[in-house]
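Work through the exercises below with the structure open beside you.

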Amino acid sequence: MEMFINITINGLATGMLIFLLAAGLTLIFGLMDVLNFAHGALFLWGAYAGIWTYTTSGSFIFGIIAAIVACCILGYLLERFIVKPVYGNHIQQILITLGAMLVLSELVKVVWGPNIIHARAPEWLRGSWEIGGIFLIKYRVFIIIVGLIVFAGLLFLLNRTKLGLVVRAGVMDKEMVQALGINIRKVFLFVFILGAGMAGLGGMLFGPYSGVIYAEIGLEYGILAFIVVVIGGMGSVLGSMIAALLVGILGSYAAYFLPEIALAVNFLLMIFILVFKPSGIMGMKEALK
Amino acid sequence: MSRLKQLSRFKLTLSVVAVGLLMFPFINDSRTAMIMLTKIFIFAVFAMSYDLLLGYTGIVSFGHAMYFGIGAYTVALCLKAFGPTIPVVLLAALITIVFTAIVSFLVGLLTLRLKAHFFAMLTLAVAALFLVVAEKWRSLTAGNDGFTFAIPELFRDRLTFYIVALVFMILVYLFLERFTQSPMGRVLQAIRENEARVESLGYRVMHYKITANVIAGIVAGLAGILYAMSLRFVNTSVFATELTLDALLITIIGGVGTLFGAIVGAAVIEYARHTLMDLASVHWIFGRWVILLGTVFILVVMFFPKGIVGSTKHWWEKRQMKKAKVTTSDKNFHQDVS
Amino acid sequence: MTLLKVDNIHTYIQQYHILQGVSFEVHKGEVTVLLGRNGAGKTTTLRSIMGLNPIKSGSITFKGEEVHAWPTHKIANAGIGYVPEDQGIFGALTVEENMKVAMKKKDEATLERMDWILDLFPDLKKFWKKNGGHLSGGQKQMLSIARAYINDNEMLLIDEPSKGLAPIIVEKVMDSIIQMKEKTTVVLVEQNFMMASAIGDRFYIIDDGHSVHNGLMEELKQDEKLKRQYLGIA
Amino acid sequence: MDTILETKELTIAFGGHVAVSEVNIQIERNKLKSIIGPNGAGKTTFFNMISGQLKPTKGQVVFKGKDITKMSPTDRTRMGIGRSFQITNVFPHLTCHENVRLAVQSQKGIFYNMLSHFTSLKEVNDKATKFLETVLLDNKAQELAVNLAHGEKRKLEIAMLLALETEVLLLDEPTAGMSLEEVPMILDVIRKIRDERKRTIVLIEHKMDMIRDLSDSIMVLFHGKLLADGDPEEIMKNEQVQKAYLGGLHNDAS
Amino acid sequence: SSNETGSNDDKKATNESPKPTTEVKQEEKEVVKIGLLTSLTGALEAYGAQTVKGFELGLEYATNGTMEVAGKKIEFIIEDTETQADVAVQKATRLLEDHKVDFVVGSSSSGDTLAVLPLMEEYKKVMIVEPAVADSITGANWNRYIFRTGRSSSQDAVAGAAAIAKEGVKIATLAQDFAFGRDGVAAFKTAAEALGATLVHEEFADPAGVDFSSNIQRIINAQPDYLFVIWAGANNPWGQLEDMRVQERGIKLSTGAPDIAALRTMEDMIGMEGFTVYHHSLPNNAVNDWLVAEHAKRHNGEMPDLFTPGGFAAAMAIVAALEKTNGNVDTDTLISAMEGMTFETPKGPMTFRPEDHQALQTMYSIRLERKDGFDYPVPVLKRELSPEETAPAIQNNR
Ligand SMILES: Nc1ncnc2c1ncn2[C@@H]1O[C@H](COP(=O)(O)OP(=O)(O)OP(=O)(O)O)[C@@H](O)[C@H]1O
Ligand SMILES: Nc1ncnc2c1ncn2[C@@H]1O[C@H](COP(=O)(O)OP(=O)(O)OP(=O)(O)O)[C@@H](O)[C@H]1O
Ligand SMILES: [Mg+2]
Ligand SMILES: [Mg+2]
């Protein structure tokens with residue numbers, strides 16, 4: 001029994017972490033329909049900038065702030081110079097953001113060197129509580145809480161404000177939205193920066209979770225983030241959350257009971273969902289034509 | 001009329017290039033250059049097969065490497081199991097064709113009814129499954145380390161292999177060129193534009209898409225065979241997403257929807273990679289050639305969104321149009337012919 | 001009083017020279033109708049005013065300010081509403097959300113206008129929660145018009161409102177334009193001459209990218225020669 | 001009566017909303033039937049069920065005595081039901097000529113001349129040119145469809161439909177957005193086809209004078225239900241139709 | 001014969017170019033060329049950098065700074081494999097074909113190395129593998145031109161076993177689920193069982209995973225005395241092992257100590273007993289002292305790292321072989337000279353075993369401790385494991 005609880009909690013925490021990595025992409029890819037392959041690079045930079053600040057200043061909170069700020073700036077630059085010319089054109093988006101991905105990941109090595117970098121949770125988040133055979137690793141509890149806060153914030157922003165509507169409308173028909181008096185460029189820029197900032201937060205929190213950061217996490221987890229957004233249903237924050245938790249928990253159980261297929265479990269899940277429910281778990285857009 | 005001339009001039013150029021490449025090894029016998037060119041040919045074939053999907057049918061696949069990998073592993077395993085003879089290579093080609101055809105057919109059936117992103121993601125997943133199998137089925141594949149194997153005596157000579165690869169590329173180019181300009185190829189282009197509409201014109205769209213997918217799969221598989229034979233080694237990287245991304249980048253840099261672009265793209269990227277790295281001693285940035293590559297992608301999208309070949313063509317046509325404007329009397333004549 | 005002045009504008013789309021000198025003036029409180037055959041450049045003219053097809057030369061003055069270099073949203077916020085030819089419905093948003101995106105304010109007056117609109121087009125009320133993409137052709141047209149009506153605009157640019165509407169609804173739309181006349185000035189592109197002539201005060205004929213003729217609607221109604229020459233009707 | 005197309009109790013509901021309800025209709029071969037009705041009455045939806053874009057919740061579509069309710073749009077087109085769309089729906093980045101050629105070519109098999117160059121198919125190309133001429137669009141043959149004005153796209157749409165050479169033509173507001181000058185031209189095209197009496201035409205329109213002029217019979221849809229079905233004069237006089245659809249402007253028309 | 005060719009060249013040079021003598025002198029010496037194939041970019045570039053530094057210093061040390069052996073000048077060319085097999089083949093071909101190298105040294109990745117092996121057979125040149133670890137390099141895919149100064153997976157495993165396995169000890173393993181992990185566990189199992197230990201559980205984790213708690217849970221359930229971890233790559237389970245209080249449950253951890261960057265991530269593993277291939281504080285010999293001092297001097301205070309001595313050893317091996325053949329670079333002569341050859345390295349003497357050309361070498365049984373002057377956990381020597389003790393099974397069926 002305890003074992004099941006442990007596995008579930010750990011899966012939940014991993015899922016929440018994945019959600020944090022994917023949340024920004026829910027906005028950028030799911031909502032704005034930008035195939036942003038540089039998303040991985042964003043949380044890579046978030047991780048490096050954050051962890052570097054954290055280790056030099058000694059303050060975890062400073063680290064988080066630095067990660068978010070760094071990624072917001074990067075997000076601004078990316079949007080202005082890379083993404084803006086290619087809104088609405090997927091193929092060009094793939095190429096140009098992939099280019100940005102390559103440059104940014106490689107720059108990480110130039111700035112911080114090619115070695116892996118150690119990242120530890122701050123003193124107050126280290127260790128675990130043990131309650132009758134059930135482990136509560138502090139850092140994971142922390143991740144779960146942050147994930148919930150981000151989730152609630154996003155839901156509020158998208159459902160209680162006009163922002164979500166405007167972005168979705170802008171993706172469908174940019175000209176019309178402008179003709180209705182909305183500065184869609186600014187809105188897109190804002191949402192992009194917001195998504196980037198969340199990627200930064202995700203990247204920063206990833207560091208102490210895995211213990212290390214290295215230049216390749218960008219691509220590895222970037223793809224995972226895409227998977228989560230797709231199976232959650234494009235543009236649905238709730239869907240992304242469910243999908244991320246599903247990936248986390250399923251991965252956790254698979255690693256325990258079916259280690260042979262653990263490697264493939266994300267992909268099997270995606271195939272299964274897309275074949276049987278092509279719009280994703282909470283899809284608003286039909287994936288079927 | 002000038003369009004006819006222009007066409008034949010293009011074909012003439014192509015033929016000259018082809019002959020030039022055929023002669024190349026007899027003029028310059030640097031094996032490094034030969035190996036690089038061989039690799040360019042192989043990747044050009046792979047990218048052309050990708051372009052058939054991306055440029056002509058509007059399908060973005062992130063799993064194209066799976067066909068490439070199937071070809072590579074098939075030939076590697078056959079040669080290892082049955083010995084390095086030419087009949088074994090032919091057998092491997094046959095198996096590859098059958099296997100890639102089946103896989104691409106099934107994958108197409110399963111996924112082609114989905115919209116672009118979703119199709120892309122699903123192919124990514126299926127390809128990842130192949131990667132996992134290659135990784136896990138260690139008794140057969142030796143896992144991610146991979147294994148080496150011997151190839152038939154004939155192909156061991158880099159020159160012979162160079163010519164084989166070149167001829168193969170030319171054949172594939174001619175075949176795909178014809179195919180894309182055929183009535184069926186035009187239907188594929190229409191599908192890219194407006195799928196629902198093609199359907200209501202009475203076309204069985206799925207049949208067309210699956211056919212395109214199967215042809216692309218088979219060609220990619222054959223490219224994989226050549227690739228493995230050029231290395232005499234195979235490991236799981238032939239199934240990696242990076243490989244698909246390579247094909248994607250080559251296609252886009254060369255020019256989407258222009259088969260010739262795939263060849264140019266492969267040449268440019270391969271050559272750039274080759275020479276830039278050598279400049280590492282001049283400035284560190286050349287050692288970090290990935291940064292340069294990425295910058296090039298960005299610049300290409302910004303300034304040559306149609307890729308090298310597409311942009312050149314565009315520029316050429318514009319020039320022609322300007323010319324035509326000057327001699328407006330010619331204009332009607334133009335239209336009659338075209 | 002001149003509310004909008006379009007002075008000799010030239011517009012290019014890619015390399016094509018579409019508008020080659022269009023000029024007209026719109027007086028406050030009037031309905032100005034742009035007429036002309038298919039491909040004449042009527043839609044392009046409206047889009048140029050909205051800043052969607054920026055002009056290359058000439059000038060556009062709205063309320064005494066030169067607006068042709070402004071971005072589209074700024075022009076819209078200066079008080080111009082636009083009903084595009086292709087309706088511009090956000091297919092994946094519901095009718096309600098379509099209206100919400102358009103709404104600039106949520107004050108008393110807006111809510112009042114909303115009631116008025118829903119009375120005008122009861123179909124919209126009926127399908128309030130339905131996706132815009134699932135509406136019928138005519139319902140989309142109604143929604144598009146409703147979206148432009150919801151804000152307190154000084155001027156409306158309406159591109160072929162009667163297209164796809166049942167005769168009875170066309171009548172309603174005509175009525176509504178007449179009702180609003182006091183507050184709102186309208187520029188109308190319309191192929192339905194019955195409607196154009198019924199509500200128009202002034203007309204401009206556009207042909208092949210040029211504005212070729214103008215005058216009062218009353219005159220046009222009488223002028224058989226002009227009608228035949230540019231509109232192909234007798 | 002020589003019925004070519006028939007619907008039996010044809011019904012469709014979107015969620016709770018019944019858009020078309022138990023419509024029984026027979027369409028006579030080589031005649032022109034018009035469908036009128038207020039916006040949202042279900043006309044386009046009715047078309048969509050005949051052409052297969054939508055599957056009815058209840059009822060059948062019978063074509064030439066065969067139940068085609070379960071067939072895909074593609075198969076229906078191949079059997080002989082072609083349609084044009086209310087919202088223009090062409091291939092934007094192909095030329096007009098190519099657009100029409102695709103329609104001409106659609107009756108051939110998938111591997112039709114798979115390895116020959118498309119320009120070499122003289123028969124197909126000539127036919128495409130012919131249809132472009134029919135709708136007076138031959139001067140734009142090499143223009144990309146995306147560059148056409150709205151009215152021109154509508155013409156292209158009709159050329160494509162004609163090029164399908166199907167027995168039944170479903171036309172959904174073919175003249176919407178077309179200039180006053182051009183409408184008669186399209187009318188001529190339709191009239192010519194009708195007068196040849198080789199095609200069955202079903203037409204949705206809101207232009208009443210046109211309907212009256214062309215139709216052999218008219219059916220009226222109202223809130224998804226069949227309100228009336230008969231010859232034009234009779235329908236125009238129908239009080240209900242006048243009230244619900246035509247409104248005041250057409251009162252004097254009758 | 002080398003003298004003859006030397007004088008021939010001499011004549012040629014003087015006959016053809018009446019250039020200043022200093023320059024001619026440069027050319028008159030015959031040159032031995034070495035191609036160094038390594039990852040300067042890509043996932044393993046940090047390892048590549050270590051190999052290069054080690055190799056440069058190794059050549060200098062071996063030739064006493066003259067860069068000459070048996071009257072021949074030594075030159076080397078570095079090529080980057082980008083950690084991609086096809087690039088590796090391309091670069092190796094360039095080395096063999098265009099630069100006509102006499103030796104190839106490399107590379108950082110097993111995949112790259114395996115892809116290059118057939119070329120060595122084609123060109124009949126000697127390759128010294130360093131530091132790729134796959135067993136199959138000296139096993140199934142081996143050919144007679146292949147020597148390896150790097151240790152193999154099996155050697156690691158045997159060393160790992162020697163560090164902890166004893167009669168009656170219960171051991172569980174945790175490794176990544178790919179070739180390196182699987183090979184390693186198989187070899188470890190054989191070695192550990194030979195020493196009388198029992199393996200109670202084998203756990204393989206997703207190499208790209210971040211959450212290993214399920215794997216750790218199963219290990220806890222198996223209740224071993226030791227948990228032996230085989231791990232390569234960046235993401236690691238150390239923090240989670242600590243978080244889940246594995247050591248508090250009486251399960252002792254053991255693993256191979258990695259390079260310094262990775263040691264920094266092992267705060268949680270202090271007290272761990274295991275083995276290592278190299279840490280600069282471990283060997284006690286003159287070569288290593290020179291390496292440490294010289295390395296610090298050249299690379300602003302930096303210490304040699306895990307794979308630095310490997311590069312060094314490869315250079316030492318080449319010079320030793322050339323000394324033995326008196327500068328003769330004929331491949332067969334070199335191979336027979338090198339088989340069974342013993343040469344000095346920063347890790348003490350190594351010997352190429354004649355059967356599979358694997359260099360048998362000293363490994364170190366260690367314990368991770370916090371130590372003054374180090375800002376990371378340091379492997380402290382428990383015992384040197386002699387080359388014989390860690391000799392792996394011969395796998396090439398020769
Ligand atoms: N994107 C475009 N690229 C090139 N040419 C275009 C483009 N859009 C419109 N045109 C051309 O510009 C001309 C004017 O088009 P416009 O849409 O303004 O005409 P219109 O008067 O509104 O016609 P309609 O009554 O058919 O809507 C047409 O000849 C059309 O072919
Ligand atoms: N896919 C759909 N989902 C939900 N409702 C739909 C869908 N398609 C049509 N409807 C509804 O069915 C009704 C009939 O629509 P239809 O398009 O058939 O009308 P129509 O008679 O063609 O009207 P118009 O003259 O305006 O084109 C409308 O109320 C519309 O909102
Ligand atoms: Mg128009
Ligand atoms: Mg309709």
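**Exercise 1: a ligand and its surroundings**

A nitrogen atom of ligand 2 comes within 2.8 Å of an N or O atom in the side chain of Lys130(C), a polar contact in the sense of a pair of N or O atoms within 3.5 Å. The model is predicted, so that local features need pLDDT of at least 70 and side-chain atom pairs count only at pLDDT 80 or more, while totals for chains, interfaces and linings use all residues. Residues are numbered from 1 along each chain as its sequence is written, chains are lettered from A and ligands numbered from 1 in the order in which they are written, and side-chain values use heavy atoms, with hydrogens and water left out.

Solution. Next, turn to the backbone, where a polar atom of Gly137(C) is 3.3 Å from an oxygen atom of ligand 2, and an N or O atom of Gly42(D) is 2.8 Å from an oxygen atom of the ligand.

**Exercise 2: a metal site**

Task: which protein donors does the magnesium ion (ligand 3) have?

Solution. Look for N, O and S atoms within 2.8 Å of the metal (3.2 Å for Na, K and Ca), remembering that water is not among the atoms, so sites may look incomplete. The protein donors are Thr43(C), through OG1, and Glu85(C), through OE, at 1.8 to 2.1 Å from the ion. Then place the pair in the chain: Thr43(C) belongs to helix α1 (residues 42–50) of chain C, whereas Glu85(C), 42 residues apart from it, sits in the loop between β6 (80–83) and α3 (95–102). Helices (H or I, at least four residues) and strands (E, at least two) are DSSP runs, numbered from the N terminus.

**Exercise 3: a residue in a helix**

Task: is Asn6(A) buried or exposed?

Solution. First locate Asn6(A) in helix α1 (residues 2–31) of chain A. Its relative accessible area is 2%, so Asn6(A) is buried, a word that applies under 20%, with exposed over 50% and partly exposed in between (1.4 Å probe, protein chains only). Finally, leaving aside neighbours within four places in sequence, Asn6(A) is in contact (heavy atoms within 4.5 Å) with Gly133(A), Ile134(A), Phe135(A) and Gln217(E).

Definitions and conventions
A polar contact is a pair of N or O atoms within 3.5 Å; within protein, one must be able to donate a hydrogen and the other to accept it, and residues adjacent in sequence count only if both atoms are side-chain atoms.
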